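Colleague: I've got a few questions about this model and would like to go through it with you. Can we talk it over with the structure on screen?

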Amino acid sequence: MKSSDLLKQLSKLIKSGMPLNKALKILAVQTDKISSQKILKTSSMLEKGTSFSEAMLYSKLISKEVKCALKIAEENSFLDEAMLKASLLQEKKEKILNDFIKAISYPSIVFCVSIVCILFLIIFVMPAYSKIFNDFGCALPLVTQIVVSIPKYNYLIWPIGAILALLIFRSVRDPDLRLRLPYFGKIYSMSILSDLCYSLSYQLKSGVPFTQALRDLSDGIESKTIRASILKIITDIECGKSISSSFSEHKIFSGTLSQFLSVGEESGDVAQMIYEAGEQFSSMTEEKLKMLSIYVEPAATLFVGGIVGFVALAMLLPLFSIVNSLL
């Protein structure tokens with residue numbers, strides 16, 4: 001069961017007057033085995049006195065961002081409404097993640113399979129192929145010599161490959177490094193901003209003070225850079241600075257968000273304008289993902305096609321040399 005579906009169903013059951021723990025046990029019976037075990041684990045932790053948000057996070061049913069929103073809701077007694085809003089937030093995040101996977105899955109598969117096939121040709125086929133022409137006493141063309149010599153540099157190829165794999169792994173695990181990636185970093189930052197705006201808007205509409213909501217939500221943000229910026233913003237606001245000017249001093253929040261906040265302060269409805277900013281960031285993220293799918297596929301095809309063409313040329317040129325010598 002998806003976390004968005006779980007939160008939505010829990011919200012409906014609690015709103016009907018059912019105790020939280022009983023609602024969890026009912027949903028545990030209705031879902032798949034893995035989700036059922038996680039839900040029952042959450043129920044067991046609740047019976048031992050653990051808070052609902054902590055139990056859900058520990059059971060890996062929700063993310064840190066949702067946990068912070070539920071924690072605030074528990075403290076302010078509007079859990080059913082918070083879960084419904086959190087489910088909507090999760091649905092948006094799941095859609096963005098699915099769009100991203102769709103955008104890169106096909107090019108990634110094509111790229112990986114092509115590279116494996118090309119390496120097989122270069123390492124195992126080309127040396128035997130070149131030996132045949134050497135036995136005929138034919139001089140190999142420069143292109144063929146380059147391709148044949150590639151296996152001799154394994155001592156460089158494997159370390160370079162390992163370094164690239166390490167960088168990819170780090171970019172996946174390190175949120176701050178993700179922010180610095182070209183194009184992907186922009187998508188990631190807008191996704192974070194949309195989640196932050198939605199969650200912050202929900203808390204403000206529920207009566208939570210701005211700085212308290214912002215501080216609690218900052219705990220769920222993985223990026224140390226963004227978290228540090230938010231804590232500095234909180235300090236500036238508490239010292240008397242306006243909300244929009246406090247946000248505008250930080251690059252990641254300047255621009256769209258600070259403009260929406262400025263309008264919100266003037267109109268007296270900051271919560272609604274923050275929600276509108278979240279909608280704007282969400283649509284911008286979806287647009288970026290669409291553009292990614294449009295550009296990545298042909299780029300990957302051209303790159304792989306170029307390598308395949310180079311290897312094919314290396315294999316065909318010696319044949320032309322033999323034909324010319326016979327003529």
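Colleague: Which residues form the nonpolar patch on the surface, and what accessible area do they have together?

Modeller: This is a predicted model, so local features need pLDDT of at least 70 and side-chain atom pairs count only at pLDDT 80 or more, while totals for chains, interfaces and linings use all residues. Residues are numbered from 1 along each chain as its sequence is written, and side-chain values use heavy atoms, without hydrogens and water. A patch takes residues with over 30% relative accessible area and no salt bridge, joining like charges within 9 Å and nonpolar side chains (Val, Leu, Ile, Met, Phe, Trp, Tyr) within 5 Å; areas are Shrake-Rupley with a 1.4 Å probe, and for residues only the protein chains shown count as cover. Here the members are Tyr153, Leu156, Ile160, Ile163, Leu164 and Leu167, and together they have about 580 Å².

Colleague: And which helix holds Ile160?

Modeller: Helices are DSSP runs (H or I, at least four residues; strands are E, at least two), numbered from the N terminus. The run covering residues 154–173 contains Ile160, and that is helix α8.

Colleague: Which element gives the most to the lining of the second largest cavity?

Modeller: A cavity is a set of points on a 1 Å grid over the protein atoms alone where a 1.4 Å probe fits but cannot get out; a pocket is an open set with protein on both sides within 12 Å along at least five of seven lines, and lining residues have an atom within 4 Å of a point. The second largest cavity has about 40 Å³, its volume being the space filled by probe spheres on points joined across faces, edges and corners. Leu196, Cys197, Leu200, Phe247, Leu257, Leu261 and Ile274 line this cavity. α10 (184–205) and α14 (256–267) each give two or more residues, and the top contributor, with three, is α10.

Colleague: How many charged residues are in the lining of the second largest pocket?

Modeller: That pocket holds about 380 Å³ and is lined by 18 residues, with Lys186, Ser189, Leu193, Lys251 and Ile252 nearest its centre. Asp, Glu, Lys and Arg count as charged; Ala, Val, Leu, Ile, Met, Phe, Trp, Tyr, Cys and Pro as nonpolar; the others, Gly among them, as polar. The lining splits into seven nonpolar and seven polar residues, and the charged ones number four.

Colleague: How many residues of helix α11 are buried?

Modeller: Buried means under 20% relative accessible area, exposed over 50%, and partly exposed in between (1.4 Å probe, protein chains only). Among those buried in α11 are Phe210, Leu214 and Asp216. Helix α11 spans residues 210–218 and is mostly covered, the buried count among its nine residues being seven.

Colleague: Which residue forms a salt bridge with Arg215?

Modeller: A salt bridge puts a side-chain nitrogen of Lys or Arg within 4 Å of a carboxyl oxygen of Asp or Glu. Arg215 counts as partly exposed because its relative accessibility is 35%. Its closest N and O atoms to the partner are 3.1 Å apart, and that partner is Glu238.

Colleague: Is Asp236 buried or exposed?

Modeller: Asp236 forms a salt bridge with Lys232, at 3.0 Å between the closest N and O atoms. Both lie in helix α12, four residues apart, about one turn of the helix. Lys232 is partly exposed at 40% relative accessibility, whereas Asp236 has 8%, so it counts as buried.
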